[in-house]
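This briefing covers nonpolar packing and charge pairing in one protein model. Please read it alongside the sequence and coordinates.

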Amino acid sequence: MIVWLNGTHGAGKTTTSRLVQQLLPDSRVFDAEKVGETLMDITPTLSATDNFQHWPPWRPLVVETARHVLDYTGGTLVMPMTVLVEEYWREIAAGLARHRIPVHHYVLHADRETLRGRIEGDLVMGPSAFRLKYLEPYAEAARTWLHEEAEVVDTTRLTPEEAARRIADDVAAVSARESAP
């Protein structure tokens with residue numbers, strides 16, 4: 001199965017994914033951003049874009065990479081990856097469904113001021129105009145489709161450990177219901 005952690009920059013996806021992985025037996029973290037980085041390394045470069053998700057190969061490559069990793073390892077992939085374009089999410093979800101890979105989709109949410117504060121105060125990456133520019137697209141996706149497509153975990157006042165525990169407990173409960181006779 002896949003536990004997909006969606007949400008915009010500053011919501012806590014990377015930190016929470018590592019903690020969720022520790023709570024779910026036989027799980028691994030797979031950051032689909034690495035697929036995008038591979039595409040960015042192609043020379044000469046693919047068409048100009050401000051986001052590798054706009055390149056049509058990225059979405060099926062994410063699906064196929066996840067499928068092959070799961071075929072090899074079994075277990076669960078925890079995938080921290082922002083996807084704010086509904087068409088892209090539907091393409092990925094449909095691809096995973098074609099391979100009969102169950103997806104537990106979570107959106108890590110925080111209010112705009114909290115997100116801005118986390119991005120501007122990030123001691124590892126530093127303040128980032130790139131990350132800040134996704135606040136409005138995230139808000140629009142949340143209003144129009146994203147929060148309806150996933151379980152929303154509001155991280156505004158949660159520690160990453162609390163968010164991870166909620167997700168792991170929910171995954172366990174859903175898995176138990178799905179496997180019940």
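The points below take the nonpolar core and then the salt bridges.

The model is predicted. Its largest nonpolar core has 51 residues, and the structure holds 14 salt bridges.

**Nonpolar core**
- In soluble globular proteins, nonpolar side chains tend to be buried together.
- The residues with the most contacts inside the largest core are Ile2, Val3, Trp4, Trp58, Met79, Val83 and Ile167.
- Helix α7, residues 135–149, gives the most to this core, with six residues.
- Leaving aside residues up to four places away in sequence, Met79 touches Ile2, Val3, Trp4, Leu5, Phe30, Ala32, Val62 and Ala66.

- Arg67 and Glu64 form a salt bridge with an N to O distance of 2.7 Å.
- Both residues of the Arg67 and Glu64 pair lie in helix α3 (residues 58–73), three residues apart, about one turn of the helix.
- Glu64 has a relative accessible area of 28% and is partly exposed.
- Asp169 and Arg165 form a salt bridge at 3.1 Å, N to O; both lie in helix α8 (residues 160–179), four residues apart.
- Asp169 is partly exposed at 42% relative accessible area, and Arg165 is partly exposed at 39%.

- Arg112 forms a salt bridge with Glu136, with the closest N and O atoms 3.3 Å apart.
- This pair links distant parts of the chain, with Arg112 in helix α5 (residues 112–120) and Glu136 in helix α7, 24 residues apart.
- Arg112 is partly exposed at 35% relative accessibility, and Glu136 is partly exposed with a relative accessible area of 38%.
- A network of salt bridges links Arg112, Glu136, Glu140 and Arg143.

Technical notes. Residues numbered from 1 in each chain as written. Predicted model: local features only at pLDDT ≥ 70, side-chain atom pairs only at ≥ 80, totals over all residues. Heavy atoms only, no water. Core = buried A, V, L, I, M, F, W, Y, C linked by side-chain atoms within 4.5 Å. Buried < 20%, exposed > 50% of the residue type's maximum accessible area, 1.4 Å probe, protein only. Helix = DSSP H or I, 4+ residues; strand = E, 2+ residues; numbered from the N terminus. Contact = heavy atoms within 4.5 Å. Salt bridge = Lys/Arg side-chain N within 4 Å of Asp/Glu carboxyl O.
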